[in-house]
Structures are given as C-alpha cells and as structure tokens.
Amino acid sequence: MPNHHILIVEDNATHRAMACEILKTMGYQVSTAGDGYAALAKLQLEPQRYDLVLMDWEMPGMNGLDTVREIRTCQIKEGWPHIPIIAFTANKQQGDSEKCLAAGMDDYIPKDLFLPKWHKTLADKITNWIKTHGANE
Amino acid sequence: MSNCIPADDFDLDMLQDAHDIMKDKFPDMLRAYIEDCQTYLEQIKLGIQDKNADMVAQNSHPLKSSSASLGIEKLANIAKKIETSSKAHLQTSLSPDMDDMYLTPCIDAMPELEKAVDDACLFLTKTYNL
C-alpha cells in the first residue's frame with residue numbers, strides 16, 4: 001500500500017487526535033486542520049501533497065460544504081489537482097448526503113465512525129476507499 | 001463535589017478504547033479535554049446570560065461530541081439537550097436572541113451540566129493520575 005497522505009479537517013480536538021492516531025497506526029501520513037480556513041491554507045501551500053481529505057461537515061466559521069466548494073473552485077482557477085474528499089456527517093436530515101455530493105465531495109461516511117469503538121471500521125473504510133478509487137496517484 | 005460517581009455516567013469500554021488508540025498520548029488528550037470542558041462551560045453560561053443561541057450552540061456541540069468520544073455519557077447527554085434547544089431556536093428564528101421557549105430548558109439544565117463537568121473531570125483526574 002503506497003504511503004498516502006491524508007488531511008483530516010475537523011474542529012473537535014478529541015476527534016481529530018483520535019482519527020490521526022488511528023490512521024497513523026494504519027501506516028498513513030496524516031496532517032490535520034482545525035477548520036476550513038486552516039485546511040485551505042495547507043492546500044494553498046502544497047495542493048499536490050495530499051492524497052485524500054477527510055472533511056467534517058459541521059464546523060464553526062467555514063463549514064465543510066463551503067470549504068469543499070472553495071477547494072473545487074481553486075482546482076479550476078488555480079490548477080490544483082483533483083483532491084478526493086470524503087465528508088463525515090451525522091446525516092440526520094433528509095438530503096444531507098446528497099448535499100455533500102452536490103457540493104463536490106466524492107463520498108461520505110457516518111460521523112459515528114469517529115467513536116473509538118468503530119475505529120477499526122473507520123480505518124478499513126478509508127483503506128478500501130483508497131484501494132477502490134486510487135486517491136491521488 | 002461527589003466522591004461517589006455513578007458508574008453509568010461513563011461508558012468505560014469506550015474510554016478504554018480511546019486509551020488503546022491514543023496510548024501514551026492519552027493523558028495529554030485528557031488534560032486538554034478537561035481544560036476545554038471548563039472553557040465550553042463558561043462560554044455556555046455566558047451565552048445563556050446573553051441569550052445568545054449561536055454561542056450556546058457552538059460550545060455545547062463540541063462539549064457533547066468530545067464527551068461522547070470518551071464515553072462520558074451523562075455529560076454528553078446533558079450537553080446534547082442544551083445543543084438541541086439552542087439549535088432549535090436558530091432553526092426557527094432569524095434573531096440569535098433566544099426565546100424563552102428555548103432558553104428555559106438551557107437554564108434548567110445548567111446545574112446538572114456543571115455537576116456533570118465536575119464529576120467527569122474528577123473521575124478522569126483520579127483514574128488516570130493527571
């Protein structure tokens with residue numbers, strides 16, 4: 001498995017720390033951003049660096065949807081490569097998943113997977129997604 | 001502060017899972033969580049005082065999420081009640097000034113929330129020698 005670099009965008013420090021450790025244990029390189037603005041700043045510096053972005057839906061300031069829209073705009077305007085983005089959402093309202101995809105996310109996973117008891121499932125889902133879709137090769 | 005905390009306030013399996021994931025980084029994460037709890041609590045109090053639904057929602061949400069991640073169930077559930085009430089206001093009103101219908105449940109939940117924060121911080125501090 002290539003050493004993919006994943007960017008986790010999540011404002012909750014506990015979730016961010018645990019997701020980072022889970023994915024590092026699986027062998028991934030991991031960077032984190034605490035909000036949409038920090039994510040954009042990292043991508044602006046090195047848009048080719050990240051093979052996959054895990055994006056929280058609900059964040060203060062710039063939320064996940066607005067962040068991914070901004071990333072897709074930068075792809076067009078600034079020539080960034082297509083960066084696969086997976087949203088994680090509580091998906092409590094009808095149409096949440098569709099909104100993710102319409103905004104430019106490539107896929108979505110339930111936010112409950114960030115609970116410790118599901119950490120193996122989260123890691124497996126990410127690995128299987130990368131195997132299937134190739135991330136940024 | 002109670003020295004006898006009911007076991008069903010916590011999901012000890014979840015807490016152990018979090019410990020297994022974080023390993024030697026777990027104590028630092030808990031210290032950060034305890035510090036954040038105090039901040040969120042103060043911000044929620046201020047938000048309620050100012051009838052500011054945004055402030056209450058923005059602080060009860062991470063308090064709920066972080067607590068749930070660590071199996072601190074009672075605290076997570078109370079924070080969720082407050083989050084739900086403040087967000088219900090935001091969904092029904094253009095003004096961030098909370099109506100009494102949504103503010104009163106938040107006010108009513110505050111003593112329980114403060115005790116739950118105290119209990120959680122004490123439990124974690126004693127259990128993990130922070």
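What radius of gyration does chain B have, and does it agree or disagree with that of a compact globule with 130 residues? Chain B has 15 Å, which agrees with the value near 14 Å that a compact globule of 130 residues would have; the radius is taken over C-alpha atoms, and the globule rule is 2.2 Å times the number of residues to the power 0.38.

The model is predicted, so that local features need pLDDT of at least 70 and side-chain atom pairs count only at pLDDT 80 or more, while totals for chains, interfaces and linings use all residues. Residues are numbered from 1 along each chain as its sequence is written, chains are lettered from A and ligands numbered from 1 in the order in which they are written, and side-chain values use heavy atoms, with hydrogens and water left out.

**Chain B as a whole**

The secondary structure of chain B comes to 5 helices and 0 strands, where helices (H or I, at least four residues) and strands (E, at least two) are DSSP runs numbered from the N terminus. Read along the sequence, the pattern is α-α-α-α-α. The C-alpha trace of chain B spans about 45 × 25 × 20 Å along its principal axes, and 45% of its 130 residues count as buried (buried means under 20% relative accessible area, exposed over 50%, and partly exposed in between, with a 1.4 Å probe and protein chains only). Among the contacts in chain B with a separation of 6 or more, 72% come from residues 24 or more positions apart, a contact being heavy atoms within 4.5 Å.

Two residues of chain B have a backbone angle worth noting. Most residues other than glycine have a negative phi. K51(B), however, has a positive phi near 55°; this residue is found in the loop between helix 2 (26-49) and helix 3 (53-69) of chain B, and K51(B) is partly exposed, with a relative accessible area of 37%. N129(B) likewise has a positive phi, near 50°, and lies in the segment after helix 5 (100-127) of chain B, where N129(B) counts as exposed at 66% relative accessibility.

**How helices meet**

| Helix pair | Axis separation | Angle |
|---|---|---|
| Helix 2 (36-45) and helix 3 (64-78) of chain A | within 10 Å | roughly 20° |
| Helix 3 and helix 4 (96-103) of chain A | 9 Å | about 20° |
| Helix 1 (13-25) of chain A and helix 1 (12-22) of chain B | 9 Å | about 55° |

Angles under 35 degrees count as roughly parallel, over 145 as roughly antiparallel, 65 to 115 as roughly perpendicular and the rest as oblique. Helix 1 of chain A is therefore oblique to helix 1 of chain B, and the crossing of these two helices is left-handed (left-handed if the near helix is turned anticlockwise from the far one by less than a right angle, right-handed if clockwise).

Within chain A, helix 2 and helix 3 are roughly parallel to each other, and helix 2 passes helix 3 in a right-handed crossing. Their contact is made by G36(A), A39(A), L40(A), L43(A) and Q44(A) of helix 2 and T67(A), E70(A), I71(A) and E78(A) of helix 3, which divide into 4 nonpolar, 3 polar and 2 charged residues. Helix 3 and helix 4 of chain A are also roughly parallel to each other; L65(A), V68(A), R69(A) and R72(A) of helix 3 make the contact with K99(A), C100(A) and A103(A) of helix 4, and by class this contact has 4 nonpolar, no polar and 3 charged residues.

**Two residues of chain A**

M59(A) is found in the loop between strand 3 (52-56) and helix 3 of chain A, and at 8% relative accessibility M59(A) counts as buried. Leaving aside neighbours within four places in sequence, M59(A) is in contact with V9(A), E10(A), D11(A), D35(A), G36(A), G64(A) and T67(A). H133(A), found in helix 5 (residues 119-133) of chain A, counts as partly exposed at 46% relative accessibility, and its C-alpha atom is separated by 9.8 Å from that of D106(A), 27 residues apart along the chain.

How values were computed
Axes fitted to C-alpha atoms, helices over the stretch in contact; angles between N-to-C directions. Nonpolar A, V, L, I, M, F, W, Y, C, P; charged D, E, K, R; others polar.
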